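Please walk through the following structure with attention to how its parts meet.

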Amino acid sequence: MSSISSKDTPELKELRAFMVKEQIESRGISDSKVLFSMENVPRHLFVPENLRPYAYEDRPLPIGMNATISQPYIVGLMTELLELKSDDRVLEIGTGSGYQAAVIGKISAEVVSFERIKELVSFAKENLKKADIRNVKVFFGDGTDIPEDLGEFECAIVTAASPDIPKYLFRYLKEGARLVVPVGNQCVQELLKIKIHRGKPEISYHGSVRFVPLIGDKGWN
Ligand code: SAM
């Protein structure tokens, strides 16, 4: 395919259905809400125009400013780990293209997402508008140092590599909440799910991943 417009054509829908079947479902993602969402969020609207022909391939893609849109499988895995329900509020750190937030937004009530690069805040807002996703709020700012008056969330997701478990996010999490975050060094990380159970964090481990660094007050310098 040489060039792709922003229209969601039957051909693109078919590519997306193939992506979900071959890259997501066949690797063990089984939550029907996640599969439905990924089949219905047009990923090609969340990548730079010249990369649209590659939007449904099995890989991350550059979105400018040294950031990437994650590989579809990783988006599926992290979304499934959140155990989303339709009335959940979700906090995201690292909006990037807005794609992960859109996939979550299709399943949950509201997504509040922080991005530290101004150009990407505008990019994500435009992409979400094109995709007609209206329940994602994107804010410019350091997600490791967010305002205190955001309320509480049932879920949080960090889509950049954190040097440590981001304990500073715990105060935003309700009892039973789930936090998904890659923790490690700047080259490779382990994907962690942290569940708040009776006020205490329970950690499980979900494989090696590679994310760009979480840069900020409580991230990397
Ligand atoms: N979720 C994104 C998507 O669906 O396109 C992919 C995120 S990209 C791998 C990581 C993003 O985290 C980058 O856009 C980067 O600028 C952002 N980031 C890094 N540190 C941050 C911080 N402290 N606060 C907010 N965003 C941050």
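Which residue's side chain does the side chain of Thr79 join in a polar contact? The side chain of Thr79 is joined to that of Gln100 by a polar contact of 2.8 Å; such a contact is a pair of N or O atoms within 3.5 Å, where within protein one must be able to donate a hydrogen and the other to accept it, and residues adjacent in sequence count only if both atoms are side-chain atoms. The model is predicted, with local features needing pLDDT of at least 70 and side-chain atom pairs pLDDT 80 or more, while totals for chains, interfaces and linings use all residues. Residues are numbered from 1 along each chain as its sequence is written, and side-chain values use heavy atoms, leaving out hydrogens and water.

Thr79 lies in helix H3 (residues 72–81); helices (H or I, at least four residues) and strands (E, at least two) are DSSP runs numbered from the N terminus. With a relative accessible area of 0%, Thr79 is buried (under 20%; exposed is over 50%, partly exposed in between, with a 1.4 Å probe and protein chains only). Leaving aside residues up to four places away in sequence, Thr79 touches Val34, Leu84, Gln100, Val103, Ile104 and Ile107, contact meaning heavy atoms within 4.5 Å.

Another buried residue is Gly143, whose relative accessible area is 6%. Gly143 sits in the loop between strand S5 (136–140) and strand S6 (153–158). Beyond residues up to four places away in sequence, Gly143 touches Ile93, Phe114, Tyr168 and Leu169.

Next come the helices H1 and H2. The axes of H1 (residues 10–24) and H2 (residues 32–40) come within 8 Å and cross at roughly 140°; axes are lines fitted to C-alpha atoms, for helices over the stretch in contact, and angles run from 0 to 180 degrees between N-to-C directions. H1 and H2 are therefore oblique to each other (under 35 degrees counts as roughly parallel, over 145 as roughly antiparallel, 65 to 115 as roughly perpendicular, and the rest as oblique). From H1, Arg16, Ala17, Met19, Val20 and Ile24 make the contact, and from H2, Leu35, Met38, Glu39 and Asn40.

Backbone angles close the tour. Most residues other than glycine have a negative phi. Asn66 has a positive phi, near 60°; this residue is in the loop between strand S1 (61–64) and strand S2 (67–69) and is exposed, at 75% relative accessible area. Glu83, also not a glycine, has a positive phi of about 50°. Glu83 is placed in the loop between H3 and strand S3 (89–93) and is partly exposed, at 30%.
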